[in-house]
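Thank you all for coming. Please have a look at the model on the screen before I go through a few of its parts.

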Amino acid sequence: MTLELLRETLFLEKHNTRLVVLGVAFLGATAGLIGSFLLLRKQSLLGDALSHATLPGIGLAFAVMSWMGLSGRSLPGLLIGAAITGLLGVILVLAIRHTTRLKDDAAMGIVLSVFFGLGIAILKMVETIPGQSAAGLDGFIYGKTASMVWSDFFLIIGTLAVTTFITILILKELTLLCFDSNFASTEGWPTLRLDILLMGLVTAVTVVGLQAVGLILIIAFLITPPTAARFWTNRLSHMLILSTLIGAISGWIGASISALYSNLPAGAIIVITAAVIFLLSMTFGTARGVLPRYLRHRKLQKKVGRQHLLRSTYEILENTQDSPPLKNLPISMELLRKHRYWSKGELPKLIRQARAEDHVERQPTGELRLSESGFGEASRITRNHRLWELYLIKHADIAPSHVDRDADMVEHLLGAEIVQQLEAELELAKSTIESPHLIEAES
Amino acid sequence: MNWTVNDLHIILVGGLCAMACALPGTFLLLRRMSMMGDAISHAVLPGLAIAFLISGTRTSWWMFFGAAIAGILTALFSQWITRFGKVERGAAMGIVFTTLFAIGLILIKQTADDVDLDAACVLYGALEYTPLNLVTLFETETTILQVPHAAIVIGATLLFNILVIGFFFKEFTMASFDPALAETQGFRPRLMHYLLMTMVAVTTVAAFEAVGSIIVIAMLIVPPATAFLITRKLPVLIALSLIVAVLSAILGQVSSQALPYLFGLPETTSSGMMATASGFLFLLAWLFGPDGLIKKRTGELEKPMELED
C-alpha cells in the first residue's frame, strides 16, 4: 500500500503533493546548474556563507516592514531583505580575500558566523516588536517544504528560467572564469563583474530555496549534485546537464518520500537522497569514480608488470649470449629475480599472469622460457623502451646512465602511432636496437 | 539596562568558551581549514541523537562522546572523500556536514521529539540560562564564590586545549606551516591533523550545550583571523586571538543589553551578539590594522615584507 502511495506521489498523481514535488525538483535543478560553477570555481562553501548571511536580512526586513506599518511577514519583503544581506555577505567575502592576507576559508567563515550571529540576535530582538508576530521566522533555518504554495512555485520556475537563460548566454565567459580566471582577466574579461554576476545567481537560488528547504540544507543542493556529476564526465556541458538532472531527481524523490511520512522533515530527506546519489557516483562514476579509476589503475599496473617481466627476460637473454641471432633459451628464476629486484611474492604473481597470457612457459627444470608469442612481444617491448631512451638522450639531454628510469615512466603508455613517430624522428627502422647504456645492463 | 552578577557569569562562560575555541582556531586558520569548525559544529547533531537513543538519557557524558565521535567522523569522511574521490576539500566538507546534519534532524524528529533536545537549542545555546545552574567554589562566613556549572566544563576544555597545544606546540607549528618537512622530521603531521580535529570536536561539543554552536564557529575563526591581520608572529598571534576572544565576549554581552535598549526593545541573545562583536573587532583590524584599508589608501606603498629571524 505504501509502495502504491509512493508510486502515486512519484508520478505526480496525487493532487496535494504534486506542487511540492515539482517545486522542489525544479529548485534542485536550478541549484545543481548554478552549483556546478561554484564547484569548478572551488567556491562550494560560498553557498554556505551566503545562506547564513541571509538571516539578518530576514530579521531586518521584518523590522523595517513592521516599522512602516506593513505586515512584517510578507514573503517578498523578507526575501528581498535576505537577498540584500546575502549578497552583501558574498561581496564582503570577496573584499576580505582581495584586500587581506586571509584566505577563502577564513573569509567565508568570518562572514558566515558573524552574519548568522547577528541574524539570531536580530530575530530575537524583533520577536518582541509589539503588534507583530515573528513566530515562524526561524522556519527559514530549517525550511517548510510542505507549506509550498503556488506563488513559491512560480518564483522557483522563474528563477530556474532566468538562471538557465543567463547561464546559456554567458556560458563561454563562465567557463573561462572557472577554468582559468587569471587568463580571463589578462584577456580583458571583466572577471570581478562576472564573479559578482555568478554570486548574484547563487544568491537568487539560495533565497528562493530558503523557504523550501531551509538555509542549511540549500547548501547541500548547491554542492552535492555538481560534485556527483563531476564523477561521470570530464566535459563541462555534460556536467551541467547531469548536475541539473541529479538536483532535480534528488528533489523529486526526496520530496515524494517525505510527503508520505508526515514526521520526516522534507529538507533532510532531500539532502540524504542527494548524498546517496553522490555516494553511488563517487563509487561508480565512469570518469572519476573510485571503482573505475581503481580498475583502470589495476589494468595499467598489470600491463606495466607484464612489460617489465618480458623486457627483463629479453635483456637477460641478450646479456648471456654473445652472437647476434638471439636464441630463446630458458633462464633461471633466480637470475630473473635479481635482474629487477622483484620481491619474493611479486615475481610468481607476474609469472602466473604471463603464463595465463601464454607469454612464458615453465620448463621441467623449474626454469622459465619465453613462448613464441612472448618472445616477439618481449623483443617489441624492449625495442620500444630503447627507442624512447634514445629519444630522451637525443632530445631531452638526459644522461645515458639515468635514462632507463625516465623511459620507464612513459614507455608503457606508448601507442603504435607514437612509436612510428619516434622511429621517424630517430631515423631508425631496424628491428632490434642495442641498449644505449650497456654498462648498466652488464653489471 | 540593568547590570547584574548574572552578566558577569555570562561573560565568564562566554569568555572561557571564546578562548577555548580561539586556541585550536589559530591552527585551523594557519592550515586553511577554518570552515572545518563550521562543518563539525553542524555535524555533531546525529552524534547527539544517537547517544540519546543508546543511553535514553540526556546525561552529559553520553552526549559528549556521541557528539565528539560525530565530529571526528566529519573530519575523517571529508578527508576520505577528498583523497579517494579527488574532490575539492570545501565541497567534500559541505557534502559531509549537510548529510550528517540531515541525518541528525531526522533522528531527532523520530526519537526525541518530546525531549528537550532540539536543533534550535544546539544552534543558539542557552547562554542566558547558565547563571541558573551555579556551583560553589568555596564558601567562608563572609564571602561565597559561585560560578556557573558551564564555566567549569568549558574551563576544563580550555585547560585541555592549553595542555595539548603547549605540549605539542612544536609539532603543531611544523605541521601547519610545512607538513612535508614535518613528515621528514618524524613529526607525523597527519596524526597532528586528527589531534587538532579531535580538539575542535571536543571544544565544539563542550561549548554547544552552554553557548550554542554559532558562537563556537565565530570564536574558532574570527579572533584568530583578526589577530592574523595584526601580527605575523605565531606566539603573538595566539596571544592576540585570546585577547580578541575575551574582548568579544565582554563587548557582546554589554551590547546584548545595551543595543536593543536603543531601539526601545528588551535584551537580545548574548551568543549572537558575541559573534557580532567579534565581527566588529575584525572590522576594526581590517580598517585600521598594520596593513589596514585606511593605511593602504593614505600611506605610501607597502615595503616588501622582510623575513624575521
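This is a predicted model: local features need pLDDT of at least 70, side-chain atom pairs count only at pLDDT 80 or more; totals for chains, interfaces and linings use all residues.

Where is the place of A:Glu367 in chain A? A:Glu367 sits in the loop between β1 and β2 (368-370) of chain A, where helices (H or I, at least four residues) and strands (E, at least two) are DSSP runs, numbered from the N terminus. Residues are numbered from 1 along each chain as its sequence is written, and chains are lettered from A and ligands numbered from 1 in the order in which they are written.

By the convention used here, a residue is buried if 20 or more other C-beta atoms lie within 10 Å of its own, exposed if 12 or fewer, and partly exposed in between, with C-beta atoms placed from the backbone. Leaving aside residues up to four places away in sequence, A:Glu367 touches A:Pro330, A:Ile331 and A:Ser332, a contact being a pair whose C-beta atoms, placed from the backbone, lie within 7 Å. A:Met65, by contrast, is 302 residues from A:Glu367 in sequence and 91 Å from it in space, C-alpha to C-alpha.

The domain assignment of chain A gives domain 1 (3-288) and domain 2 (294-434), with bounds that come from an automatic or database domain assignment, and the C-alpha centres of these two domains of chain A lie 56 Å apart.

Two loop residues of chain A deserve a word on backbone geometry. Most residues other than glycine have a negative phi. A:Lys42, although not a glycine, has a positive phi of about 55 degrees, and it lies in the loop between α2 (15-40) and α3 (46-67) of chain A, where it is partly exposed, with 14 other C-beta atoms within 10 Å. A:Asp358 likewise has a positive phi, of about 65 degrees, without being a glycine; its loop runs between α16 (346-356) and β1 (360-362) of chain A, and it counts as exposed because it has 11 C-beta neighbours inside 10 Å.

Now to the interface. The contact takes 46 residues from chain A and 54 residues from chain B. On the side of chain A that touches chain B, α5 (104-126), α11 (217-230) and α13 (266-284) of chain A each supply at least two residues, and the largest share, 15 residues, comes from α5(A). By class, that side of chain A divides into 28 nonpolar, ten polar and eight charged residues, where Ala, Val, Leu, Ile, Met, Phe, Trp, Tyr, Cys and Pro count as nonpolar, Asp, Glu, Lys and Arg as charged, and the others, Gly among them, as polar.

Chain B itself has 13 helices and two strands. Of its 309 residues, 51% count as buried, and residues 24 or more positions apart account for 70% of the contacts in chain B with a separation of 6 or more.

Its strands β1 (residues 134-139) and β2 (residues 144-148) pair in the antiparallel sense over five bridges, pairing being assigned if DSSP finds at least two bridges between two strands. They form a hairpin with four residues between them, in which B:Glu139 stands opposite B:Ile144 and B:Leu134 stands opposite B:Pro148. Is β1(B) buried, or does it lie in the open? Of its six residues the number buried is zero, so β1(B) lies largely in the open.

Among the helices of chain B, α1 (residues 5-30) and α11 (residues 234-262) pack at an angle of about 150 degrees, with their axes 8 Å apart; axes are lines fitted to C-alpha atoms, for helices over the stretch in contact, and angles run from 0 to 180 degrees between N-to-C directions. The crossing of α1(B) and α11(B) is right-handed, a crossing being left-handed if the near helix is turned anticlockwise from the far one by less than a right angle, and right-handed if clockwise. Residues making this contact include B:Gly14, B:Gly15 and B:Ala18 of α1(B), and B:Ala245, B:Ser248 and B:Ala249 of α11(B), and by class the contact has twelve nonpolar, nine polar and one charged residues.

I will finish with B:Ser41, which is in helix α2 (residues 35-55) of chain B and is buried, with 32 other C-beta atoms within 10 Å. Not counting residues up to four places away in sequence, B:Ser41 touches B:Thr204, B:Phe208, B:Ser213, B:Val216 and B:Ile217, while B:Ala67, 26 residues away in sequence, is 9.1 Å from B:Ser41 in space, C-alpha to C-alpha.

Conventions: Two residues are in contact if their C-beta atoms, placed from the backbone, lie within 7 Å.
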